Amino acid sequence: MRSADGLSTMRILLTLLCLLLALPVLGVLGAWFSFDASAWSGLVHQLRTVLGGYALQSLLLSTGVALGVAAVGAGAAAAVALFEFPGRRVFEWALLLPLAMPAYVLAYVYTDFLQFSGPLQSALRALASVEGALWPDVRSLPGAIVLFVLALYPYVYLLVRTSLAERGIHLMEAARLLGAGFWRRV
């Protein structure tokens with residue numbers, strides 16, 4: 001009898017803890033159900049002023065990131081999986097290193113490294129005796145695309161490299177034996 005009482009007390013405590021942890025989510029859901037005239041006017045105002053621009057920027061960002069991640073990830077995977085070159089084994093694993101850090105940490109690191117006052121631009125300006133920015137600001141749409149591509153390409157790289165390692169070399173050899181040129185094989 002005593003263990004049943006302890007178990008029900010534990011269930012009550014866990015239920016209360018879960019409800020306490022769910023309060024922020026419940027608050028957001030509650031805000032959706034209190035949709036009134038002022039909320040509607042706020043949405044209409046956003047639609048007339050900034051929503052179209054935000055939607056366009058989001059579309060451009062997602063398209064640029066998708067194309068960039070596909071090009072960088074698949075290109076790097078093809079180079080590493082299909083060709084022999086000095087340092088290939090190092091690149092095979094070094095290209096996976098961005099997976100070792102959370103994407104938001106990488107974004108901060110890349111932003112700091114690539115910005116005007118960052119170590120890369122400072123060193124290049126000192127080396128070339130040039131003043132001013134060497135490339136566009138990383139806090140712009142093209143900069144955001146580059147940062148997302150640098151943080152997300154390893155996912156595509158890993159999938160494509162694995163796929164090409166299983167079948168790619170055999171297909172390249174078969175195409176070569178059938179007389180296909182280098183670019184056609186690739």
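1. Glutamine 121, at 1% relative accessibility, counts as buried, because buried means under 20% relative accessible area, with exposed being over 50% and partly exposed in between (1.4 Å probe, protein chains only). This residue lies in helix 6 (residues 119–128), where helices are DSSP runs (H or I, at least four residues) numbered from the N terminus. Leaving aside neighbours within four places in sequence, glutamine 121 is in contact (heavy atoms within 4.5 Å) with Leu114, Gln115, Phe116, Ala133, Leu134 and Trp135.

2. The model is a predicted one, in which local features need pLDDT of at least 70 and side-chain atom pairs count only at pLDDT 80 or more, whereas totals for chains, interfaces and linings use all residues. Residues are numbered from 1 along each chain as its sequence is written, and side-chain values use heavy atoms, with hydrogens and water left out.

3. The axes of helix 5 (residues 103–114) and helix 7 (residues 141–177) come within 10 Å and cross at roughly 130°, the axes being lines fitted to C-alpha atoms over the stretch in contact, with angles running from 0 to 180 degrees between N-to-C directions. The two helices are therefore oblique to each other, a class left over once angles under 35 degrees (roughly parallel), over 145 (roughly antiparallel) and 65 to 115 (roughly perpendicular) are set aside.

4. At this contact, Leu106, Ala107, Tyr110, Thr111 and Leu114 of helix 5 meet Leu147, Leu150 and Ala151 of helix 7.

5. Leucine 61, in helix 3 (residues 51–82), counts as partly exposed because its relative accessibility is 24%. Not counting residues up to four places away in sequence, leucine 61 touches Leu141, Ala144, Ile145 and Phe148.
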